[in-house]
Amino acid sequence: ALDAVSAAIAAAMAPEADELRVRFDAITVLLRAAASEYASATEGGTVGDVMAYHEAHAFVAVARLLAADLARIPAAQAAAEKALAAIQGADEAFGDMSKPELEVHDPAILMAIAARVELVASSVR
C-alpha cells in the first residue's frame, strides 16, 4: 500500500503533472490505501496493528490536504469541494485521535469514502 501511495503522490507532485485527473487519482489511491491499512489493522473491534492504523489516518490526512490544494484551482474547485466533503466522513472511522484509546469502526466507512471520491474524480478531465 505504501508503494502505491508513494507512486501516486510522486506522479501528482511531478512538475509535468498539471493534469487535474492525475491529482485526483492520487487522492483516490491514498483513500484506498487508507481503507486497506485500516482493515488490516483492526480485527474483532480492536486495533491489532497500531502502526497500520496510524498510517491509515495519515493517508486520509494527506488526501485531505491534496483535495484542499485542488479546491484552490478554479477548474477543479467544485469537484475538490465534493471530495473534501466525502473525506470529512473519515473522521467517523477514527474517532478522537487525541485519546490514548484507539476507536475501531467498520472499515467499510473508508472504502465507501474512497468510492465516493473516485466517482467525483471520474468527472474531472
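Biologist: What is the mean pLDDT of the protein?

Modeller: This is a predicted model, in which local features need pLDDT of at least 70 and side-chain atom pairs count only at pLDDT 80 or more, while totals for chains, interfaces and linings use all residues. Residues are numbered from 1 along each chain as its sequence is written, and side-chain values use heavy atoms, with hydrogens and water left out. The mean pLDDT (the predictor's confidence in each residue, from 0 to 100) is 89, and 91% of the residues reach 70 or more.

Biologist: Where is confidence lowest, and where is it highest?

Modeller: Helix α1 (residues 2-13) has the lowest confidence, with a mean of 69. The highest is in helix α4 (residues 77-88), at 96. Helices (H or I, at least four residues) and strands (E, at least two) are DSSP runs, numbered from the N terminus.

Biologist: How many salt bridges does the structure hold?

Modeller: There are 4 salt bridges, each defined as a side-chain nitrogen of Lys or Arg within 4 Å of a carboxyl oxygen of Asp or Glu. Side chains of opposite charge can pair when their charged atoms come close.

Biologist: Which residue pairs with Glu-118?

Modeller: Arg-32 does, with 2.5 Å between the closest N and O atoms. Glu-118 belongs to helix α6 (residues 108-121) and Arg-32 to helix α2 (residues 20-41), so the pair ties together parts that are 86 residues apart in sequence. Glu-118 is partly exposed at 36% relative accessible area, and Arg-32 is partly exposed at 41%. Here buried means under 20% relative accessible area, exposed over 50%, and partly exposed in between (1.4 Å probe, protein chains only).

Biologist: And what does Asp-91 meet in a salt bridge?

Modeller: Asp-91 meets Arg-64, at 3.3 Å from N to O. This pair also links distant parts of the chain, as Asp-91 is in helix α5 (residues 91-94) and Arg-64 in helix α3 (residues 50-70), 27 residues apart. Both are partly exposed, Asp-91 at 37% and Arg-64 at 24%.

Biologist: Let us turn to α6. Which of its residues are buried?

Modeller: The buried residues of α6 are Ile-109, Leu-110, Ile-113, Ala-114, Val-117, Val-120 and Ala-121. They cover an arc of only 135° around the axis, which puts them on the same side of α6; the arc is that of the directions from the helix axis to the C-beta atoms.

Biologist: What do they pack against?

Modeller: They pack against α2, α3, α4 and α5, where contact means heavy atoms within 4.5 Å.

Biologist: What follows α6? Where is Ser-123?

Modeller: Ser-123 is in the segment after α6. A polar atom of the Ser-123 side chain lies 2.7 Å from the backbone oxygen of Val-120.

Biologist: Finally, is Thr-42 buried or exposed?

Modeller: Thr-42, in strand β1 (residues 42-43), is buried, with a relative accessible area of 10%. The Thr-42 side chain reaches the backbone oxygen of Tyr-38 at 2.9 Å. Leaving aside neighbours within four places in sequence, Thr-42 is in contact with Val-47, Tyr-53, Val-104 and Pro-107.

Definitions and conventions:
A polar contact is a pair of N or O atoms within 3.5 Å; within protein, one must be able to donate a hydrogen and the other to accept it, and residues adjacent in sequence count only if both atoms are side-chain atoms.
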